[in-house]
Amino acid sequence: MLTIHNLHAKVADKNILRGINLTVNAGEVHAIMGPNGSGKSTLAGVLTGRDAYSVTDGEVLFEGKNLLDMAPEERAGEGVFLAFQYPVEIPGVSNSYFLRASVNAVRKHRGEPELDAASFLKVVKQKMKVLHMPEDLLKRPVNEGFSGGEKKRNEIFQMAVLEPKLCILDETDSGLDIDAMKAVADGVNALRSKDRAMIVITHYQRLLDHIVPDFVHVLSQGRIVKTGGKGLALELEAHGYSGN
Amino acid sequence: MDKTNFTNLFAAFDRDTSSRYGALRQSARERFAALPLPTTRGEDWRFTSIAPLLETPFDLPAAVSVPLPPAVGPRLVFVNGRYAKGLSSPMPNGVRAGSLADIDAIQILQIASETDSPFTALNSSFLSDGACIIVPDGVVVETPIEILFMSRPNGKPIVTHPRVLLVAGKNAQTTVIERYLGDGVYFTNAVTEIAVGEGAVVDHVKVQSESDTAYHIANTQIVMAAKANFTSHNLSLGGALVRNEVRVRFDGEHAEATVNGLYLAKGKQHVDNFTVIDHAKPNCASHEIYKGVLADRAHGVFNGKIFVRKDAQKTDAKQTNKVLLLSDDATINTKPQLEIFADDVKCTHGATIGQLDATQLFYLRSRGLPLEQARRLLTFAFANDIVNRVKIESIRAELEERIV
């Protein structure tokens, strides 16, 4: 599904990614771990097209297409989704308005007919039930006045509604208490399927107790320095990143 | 600066017009002759030049008939300055309303005449027709009344002087929508007078949707009695050169005024909002929020004056002006001006100027919204604060449609 080959990227004049190689197949969950500053969030930003980063070398293929050539909205249309580390507040726009605009933009990209208000609501209500989201969430402005946990759940909720092929979770566990983290993890697990791949970026092992990965990669100074199974996360927990 | 562009139309106008307001017109013409035209050297018109108004040869408009969709509610229609009875619809029960030409309102047409604006004097110099709505004491009107002014020049630029008189009696309640439309090049010089009686509630919405080659100068003047409650939303969408003046004067205690505005300008539009809140009496509250969205090379001006007179203790006045600039070439001049002579008051003001937030744009795009749609949605989010305060659903939908 996703092939990253020799990816180099910088922010301003600082080289952050220095040759990332990674292949992610449908149905797999990959965890990317690493200390602060290792390039985890930069990788997420580059994959989704944030313009603060410039790619200096390498390529990224998503289902055979050159992902780096696409605008952020095209990537979303193709099925790439980023759950933000810091979800953005948009006062003045209700969650339901935003979600419907989003779903219809993605459907349009795929050549599918847009959903009218009634069929959209039906889809959304069903997803809310699965994720145990409060009903009033739809009417509230996007992320405004949400607690940290609510914001992260809202990201997962958007993910559930948009049904992407590749989900990238950028430190979705940061700032969450254990209950909120479990709720988020349950939401993510409900979305695991053989057609969908996930990249879970995290600093801590604890999230991986709940979202169990197929592969764990250790990122250090812009490169993947170690790859293993889920056991690698436990090893890192015991010995720290410096043990590499 | 030359007034003949307008004064040379007096004689032809009088030939075609009833003499009911002849004396009022005459004294207004004397005032117009005496008052200097505003220039950019003066503080109140510093950023708005009226030169195009003096250079365009305006004609008196011809009587024309226009097709219009049937009214959904009570409506008064004026085409090229003339009352169009056939396009208008019946007024709600208990309300005295119609054309000024048919109602003797000479005794109550006094509110705006106090202003030393030459454009107001010019409007009165052509007074004959206009919308008159009188809601007697205790009458509560639930359906909004719409007043529609349309300009249809026939080849040559025209000038009209729309006039609205709205009087809400003691404890009366009413909602009035004032709407301006047109095609081509023309000048609308409007005056609206609103008297809000003791304990009365008036909700006023002005939708300025003039053509993009029109000139629009309007003085909306409100006088409030004790315990009156007035809300105004000034929605300025069209026009090449626009000046919206809103003046509120508290004439009794414990009254409350909400004076909001939203202006959207693109291309080379120039939109000047000038507001004066005169706290002449104690214990009154005013809330003012103006928001502007300026694209391309548009130029916006906001000048918000608040006077708190010496006796007006316990005044509570709030003023906010926020502007969103969508391009590097758009400009805004914003100036709050508070003059406070009482010592026990609450007065706050604030102005912000910003651009679309890059992080919010990326967030929306990462969810599939194309850049242009994301920009429009964030623009709507900015304006929504004002849109949501408009109580009339159809107007909210109209604004949403326009922005998104």
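Author: Leu208(A) is a place to start: this residue lies in helix α7 (residues 207–210) of chain A. Helices (H or I, at least four residues) and strands (E, at least two) are DSSP runs, numbered from the N terminus. This is a predicted model, in which local features need pLDDT of at least 70, side-chain atom pairs count only at pLDDT 80 or more, and totals for chains, interfaces and linings use all residues. Residues are numbered from 1 along each chain as its sequence is written, chains are lettered from A and ligands numbered from 1 in the order in which they are written, and side-chain values use heavy atoms, with hydrogens and water left out.

Reader: Is Leu208(A) buried or exposed?

Author: Buried means under 20% relative accessible area, exposed over 50%, and partly exposed in between (1.4 Å probe, protein chains only). Leu208(A) has 5% relative accessibility, so this residue counts as buried.

Reader: Which residues is Leu208(A) in contact with, leaving aside its neighbours within four places in sequence?

Author: Contact means heavy atoms within 4.5 Å. With neighbours within four places set aside, the contacts of Leu208(A) are Ala31(A), Met33(A), Val200(A), Thr202(A), Pro213(A) and Ala233(A).

Reader: Which residue of chain A has phi near 45°?

Author: Two residues can be taken together here. Asn6(A), in strand β1 (residues 2–11), has phi near 50°, a positive value in a residue other than glycine. In the loop between β9 (166–170) and α6 (178–190) there is another such residue, and the one with phi near 45° is Glu171(A).

Reader: What is the relative accessible area of Asn6(A)?

Author: Glu171(A) counts as buried at 10% relative accessibility. Asn6(A) is partly exposed, and its relative accessible area is 27%.

Reader: What radius of gyration does chain A have?

Author: Chain A contains eight helices and twelve strands, and its C-alpha trace spans about 55 × 40 × 35 Å along the principal axes. The radius of gyration is taken over C-alpha atoms, and the globule rule is 2.2 Å times the number of residues to the power 0.38. For 244 residues a compact globule would have a value near 18 Å, and chain A agrees with 18 Å.

Reader: What share of the contacts in chain A with a separation of 6 or more is between residues 24 or more positions apart?

Author: Buried residues make up 51% of the 244 residues in chain A. Among contacts with a separation of 6 or more, the share from residues 24 or more positions apart is 68%.

Reader: How many strands are there in chain B?

Author: Along its principal axes, the C-alpha atoms of chain B fill a box of roughly 65 × 55 × 45 Å. Of its 404 residues, 58% count as buried. The chain has eight helices, and its strands number 20.

Reader: Why is chain B described as compact as a globular protein of that length?

Author: The globule rule gives 22 Å for 404 residues, and chain B is close to that, so it is as compact as a globular protein of that length; its radius of gyration is 21 Å.

Reader: Which residues does Leu399(B) touch, not counting residues up to four places away in sequence?

Author: Leu399(B) is found in helix α8 (residues 393–403) of chain B and is buried, with a relative accessible area of 2%. Not counting residues up to four places away, Leu399(B) touches Leu235(B), Leu237(B), Leu262(B) and Val387(B).

Reader: What distance separates the C-alpha atoms of Thr48(B) and His299(B)?

Author: Thr48(B) sits in the loop between α3 (22–34) and α4 (51–55), and is buried with a relative accessible area of 2%. Its contacts beyond four places in sequence include His270(B) and Val301(B). Thr48(B) and His299(B) are 251 residues apart along the chain, and their C-alpha atoms are separated by 9.5 Å.

Reader: Which three residues supply 42% of the area that chain B buries against chain A?

Author: The contact takes 19 residues from chain B and 29 residues from chain A. Buried area is the accessible area (1.4 Å probe) that two parts lose on being put together, summed over both; here it is about 1,900 Å², 65% of it on carbon and sulfur atoms. On the chain B side, more of the area comes from these three than from any other three residues: Phe362(B), Tyr363(B) and Arg367(B).
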